[in-house]
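Reader: I would like to learn how to read cavities, pockets and helix packing from a model. Where do we start?

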Amino acid sequence: MVVKESEVCCGGLEWRINFPDGTSKILVPDHHTISKTRFCRLLHAFFVEGLFSKIYGFFREAWRLGMDDPKKFFHCFKVGIALSLVSLFYYMRPLYQGVGGNAMWAVLTVVVVFEYTVGATLCKCLNKATATFLAGALGIGVHWIGSHFGEKLQPIFLQGSVFVLAAAATFTRFMPSVKARFDYGVLIFILTFSLVSVSGFRVGKLFEFASHRLSTIAIGTSICILTSMLFCPVWAGEELHNLIQTNMEKLADSLDECVAEYFRKDAKSEASNKISVGYRCVLNSRATEESLANFARWEPAHGGFNFGHPWKEYRKVGASLRSCAYHIEVLNGSINAGTKAPDFLKKHFSKFCTKLSSSSSAVLKELVFVTHTMTRSAKIDIIVEEMRSAVEELQIVLKSLITQPINASTNNSNGNEESDASNTSMSLIEIAPLVTLSSLLIEIAARTEDIAKAVNGLAN
């Protein structure tokens, strides 16, 4: 018996068995077996290659995130500690008899108000406790007043009070000053007042109900505050301080790399990604700076930050940094544009542009040192003055470009002919890239000086 494999005209394969008597038989595949094999392969690909690889990728990303910032690991442990402590009010009978079934409110309070930073946790805890007390007291007062209207008018009075107070409290959430610091408290006020007012119509012991809710919330918020401040605390003020310092470093590096890449003779390097990542991080940090500045105002004195530290000045520094980052973004876009300046012009301007960018980045790096040490620098005025002189030199070069054309000397290869140094006729398109680059560098220097003034205002 011989088995042969031959191609069929349709492009498939067929198996034929030749017998000794000269006859042959074509093997017909079992489609049921093939379909089962394909199904097993798809199942294997889904679970092994698809699902398991995604799970592995998830844990690898989680591990990388935790190694980059170990504070996130500690925060997870603190949440577990706080929930374990508040759960004791359910598991231990003496504690459970003190709060009763309302102990679940303490557990829910921990889940809701525990945040990453101490300032955020304090903000939510104080907002929740204060709003619960005010709403509970007001709800009891409204219920007491409504009880004097009789059984028919009491529901109408209660419903009207809920409508008026809920509408008024909701309107205050649109006010910027309230929304920035007390938005969560207003939300809890609406929730608690509605709960006490509505349930008070059917609940007999309303004062006991409100006092139990307030006590359980006080227990939950106290556990959150103590856990957040005693176990590896993450201060919002310190995070804001480090964020401003890091943004200054990124701007200085982006400015240096941006100008160096433009005057580099070889092709584009991988530094372009570093440039864009640097200033884009600064541009995208506004929301983080605003929230950290708001939460830092709730924190007590810690480290080198006293109570009443001028956190508003950090906002001014951050705004100045973003203004400088916008100009660096424009500078990077103009450098990557298709229009290129002649090489002899780039060589003529490279010295002055590089000097100005180095002076500006030197000012930023000195401000990083000032921010890190939280001390006034004796060199900052000297470095700023050097940056101003570099600006004046570049402005003189720009004026000379308009008044006196730059000569590009071209030597003739024929020795009998005289060397001709002809004025290169430069069009506006050829000059525009360098004029744009120089103008943006001068503007970046002005923005850098604004950053220096903002940091000096913070130091004062």
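Author: Start with a definition. A cavity is a set of grid points where a 1.4 Å probe fits but cannot get out. A pocket is an open set of points. Keep in mind that this model is predicted.

Reader: How many cavities of 30 Å³ or more does the count come to?

Author: The count comes to one cavity of 30 Å³ or more. The largest cavity has a volume of about 40 Å³.

Reader: Which residues line the largest cavity?

Author: A lining residue has an atom within 4 Å of a point. Here the lining consists of Leu-367, Val-370, Arg-376, Ser-377, Ile-380, Val-455, Asn-456 and Ala-459. Two elements give two or more residues each: α13 (343-373) and α15 (428-459). The biggest contribution, three residues, is from α15. By class, the lining of the largest cavity has five nonpolar, two polar and one charged residues.

Reader: Now the open kind. What volume does the second largest pocket have?

Author: The second largest pocket holds about 210 Å³ of space. Its lining is made of Asp-69, Lys-71, Lys-72, Tyr-116, Glu-239, Asn-242, Leu-243, Ser-285, Thr-288 and Leu-292.

Reader: Which elements give two or more residues to that lining?

Author: They are α2 (71-91), α9 (236-262) and α11 (286-296). The largest share is three residues, from α9. By class, the pocket lining has four charged, three polar and three nonpolar residues.

Reader: Next, helix packing. At what angle do α9 and α12 pack?

Author: Read the angle between N-to-C directions. Helix α9 and helix α12 (residues 311-335) pack at about 20 degrees, with axes 10 Å apart. Angles under 35 degrees count as roughly parallel, so α9 is roughly parallel to α12.

Reader: Is the crossing of α9 and α12 left-handed or right-handed?

Author: The crossing is left-handed. The contact includes Leu-240, Ile-244, Met-248, Leu-251 and Leu-255 of α9. From α12, the contact includes Trp-311, Val-317, Leu-321, Ile-328 and Leu-331. By class, the residues of this contact divide into 17 nonpolar, six polar and no charged.

Reader: How do α5 and α8 lie relative to each other?

Author: Helix α5 (residues 118-146) and α8 have axes that come within 10 Å and cross at roughly 170 degrees. Angles over 145 degrees count as roughly antiparallel, so α5 is roughly antiparallel to α8. Among the residues that meet are Leu-122, Ala-129 and Phe-133 in α5, and Phe-207, Leu-214 and Ile-217 in α8. This contact has 14 nonpolar, five polar and two charged residues.

Reader: What partner does α8 have in the crossing at roughly 145 degrees?

Author: The partner is α2. The axes of α2 and helix α8 (residues 206-230) come within 10 Å. The crossing is right-handed. The contact is made by Lys-78, Ile-81, Ala-82, Leu-85, Val-86 and Phe-89 of α2, with Ile-219, Ile-223, Thr-227 and Ser-228 of α8. These residues divide into seven nonpolar, two polar and one charged. Ser-228 also belongs to the contact of α8 with α5.

Definitions and conventions
Residues are numbered from 1 along each chain as its sequence is written. This is a predicted model: local features need pLDDT of at least 70, side-chain atom pairs count only at pLDDT 80 or more; totals for chains, interfaces and linings use all residues. Side-chain values use heavy atoms; hydrogens and water are left out. On a 1 Å grid over the protein atoms alone, a cavity is a set of points where a 1.4 Å probe fits but cannot get out, and a pocket is an open set with protein on both sides within 12 Å along at least five of seven lines; lining residues have an atom within 4 Å of a point. Grid points are joined across faces, edges and corners, and a volume is the space filled by probe spheres set on the points. Helices (H or I, at least four residues) and strands (E, at least two) are DSSP runs, numbered from the N terminus. Ala, Val, Leu, Ile, Met, Phe, Trp, Tyr, Cys and Pro count as nonpolar, Asp, Glu, Lys and Arg as charged, and the others, Gly among them, as polar. Axes are lines fitted to C-alpha atoms, for helices over the stretch in contact, and angles run from 0 to 180 degrees between N-to-C directions. Angles under 35 degrees count as roughly parallel, over 145 as roughly antiparallel, 65 to 115 as roughly perpendicular and the rest as oblique. A crossing is left-handed if the near helix is turned anticlockwise from the far one by less than a right angle, and right-handed if clockwise. Contact means heavy atoms within 4.5 Å.
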